[in-house]
Amino acid sequence: MVSFLLKCVLVVVAIFSISSMAQASDPDILSDFIVPVGSAIDGNLFTFNGTRAIFGSVIQKFSVTKVGKTEFPVLDGQSVSLAVLQFPIGSVNLPHTHPRAAELLFVIEGSLEVGFVDTTNKLYTQTLQVGDLFVFPKGLVHYQYNSNRNELATAVSGFGSANAGTVSLPTTLFATGIDDQILAKSFKSDIATIQKIKAALATSLVIFQMASAGDPDILTDFVMPLGVPSVDASYFTFSGLRDLVGAPPPEKFKVTKAAMTEFPALNGQSVSYAILQYPTGSVNPVHTHPRSAELLFLMSGTLEVGFIDTTNKIFTQTLQTGDVFVFPKGLVHYQYNADAENCALGISAFGSANAGTVSVPNSVFNTSIPDNILAKSFKTDIITIQKIKAGLA
């Protein structure tokens, strides 16, 4: 009897442990979104305009502008955030880790030397050009460096957590309370050398902080492709967006994805991107993303955006260049470029390597749902349903 009970307990513990490991980042929520205390519930709640000032700004040293849960509280529970990284000539984003999310970096200006170190101490390096993406797997030490002597560099990083966290290794090691003797032993050096490093960091170090509802977690640094014994930095680089640089705007709304299908290294990293191009008067029709919230960063132009919560309340906003808007996970939403003269361009980050897209018009009217059921559902007649279907076809 005791043996049987013990086995039952062990099975329960094992199931619980597996369930715990399978959730990759932020805990899920049981509501559409979390309203910060004292906040009005309208379109402004889901809009962040603290990134507007980035465009045209002049910086003297590496700068990171964060759009995480601290800066944008409604991201709580949405498992996504982003940061805009600005690199003056010769500047570096010091070696650091993000303990709660992978980082998907998109170069939008200049070039960058990047790299990360896996848990076997293998270094993967790459030179990125405008339009390139690079994924830094969750929790691994990585850096970015603008080695160009003539040009600034700018990048947008997406994270599969509302609070990815940042552990700056120089700061964590040499600007906290770890005893000098322990550091000297750890680095096989002497106390005088450790104190010299500490003194230098105290006067020059810039400290910044970026700060489960997503994909299943993985128990390795990254997921290797089947049948491939080893990979190099090219595996973690996606250059499929280079063609968008300098290209004429499309004639109709266009989405270019950088998700697990297009960029297999994202498997297990709980993050992806989409580039959204809106010609004048175009619309991204009503749709949902079943596996992730969408965090849209408007790079140029203006957009009318909105989503509907599960009580059928609509939240709308007019976005200007530099604004960020969050569409909570699984809710119906849209974007519309109402400007008759100017195109619009957006970058959307997702807290999943495969957020999924459900086009509401197509899912309802271009599938095999019988016409009579649709007619009853929409309280209309079969002729009207068939007219809608013909228009979508």
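Me: Is T119 buried or exposed?
Reply: This is a predicted model, where local features need pLDDT of at least 70, side-chain atom pairs count only at pLDDT 80 or more, and totals for chains, interfaces and linings use all residues. The cut-offs for relative accessible area are under 20% for buried and over 50% for exposed, with partly exposed in between (1.4 Å probe, protein chains only). T119 comes out at 62%, so T119 is exposed.

Me: Which side chain does the side chain of T119 make a polar contact with?
Reply: T119 sits in the loop between β6 (112-117) and β7 (123-128); strands here are DSSP E runs of at least two residues and helices H or I runs of at least four, numbered from the N terminus. Skipping residues up to four places away in sequence, T119 touches L140 and D221, where contact means heavy atoms within 4.5 Å. A polar contact takes a pair of N or O atoms within 3.5 Å; within protein one must be able to donate a hydrogen and the other to accept it, and residues adjacent in sequence count only if both atoms are side-chain atoms. At 2.7 Å, the side-chain partner of T119 is D221.

Me: How many residues of β3 are buried?
Reply: S81, A83, L85 and F87 point one way from β3, and L82, V84 and Q86 point the other way. In a regular strand the side chains alternate between the two faces of the sheet. Both of these sets are buried, so the count for β3 is 7 of 7.

Me: How many bridges join β3 to β10?
Reply: Two strands pair if DSSP finds at least two bridges between them. β2 and β3 run antiparallel with 5 bridges, and T65 has V84 as its bridge partner. On β10 (residues 153-159), S81 is partnered by F159. β3 and β10 also run antiparallel, and their bridges number 7.

Me: Are the rings of F62 and F87 stacked, edge-to-face or tilted, and why?
Reply: The structure holds 24 aromatic pairs, meaning Phe, Tyr or Trp (six-membered) rings with centres within 6.5 Å; planes under 30 degrees apart are stacked, over 60 edge-to-face and the rest tilted. The F62 and F87 centres are 4.9 Å apart with planes at 45°, so this pair is tilted.

Me: How many residues apart in sequence are the parts that F62 and F87 tie together?
Reply: Both F62 and F87 are buried. F62 lies in the loop between β1 (47-48) and β2 (63-67) and F87 in strand β3 (residues 81-87), so the separation along the sequence is 25 residues.

Me: Which strand holds F134, the ring partner of F116?
Reply: The rings of F116 and F134 have centres 6.1 Å apart and planes at 55°, so the pair is tilted. F116 belongs to β6, so the pair ties together parts 18 residues apart in sequence, with F134 in strand β8.

Me: How many residues does the largest nonpolar core have?
Reply: A nonpolar core is a set of buried Ala, Val, Leu, Ile, Met, Phe, Trp, Tyr and Cys residues joined through side-chain atoms within 4.5 Å. F236 is among those with the most contacts inside the largest one, and beyond four places in sequence its contacts include F116, Y124 and F134. A second, separate core has 5 residues, whereas the largest has 80.

Notes: Residues numbered from 1 in each chain as written. Heavy atoms only, no water.
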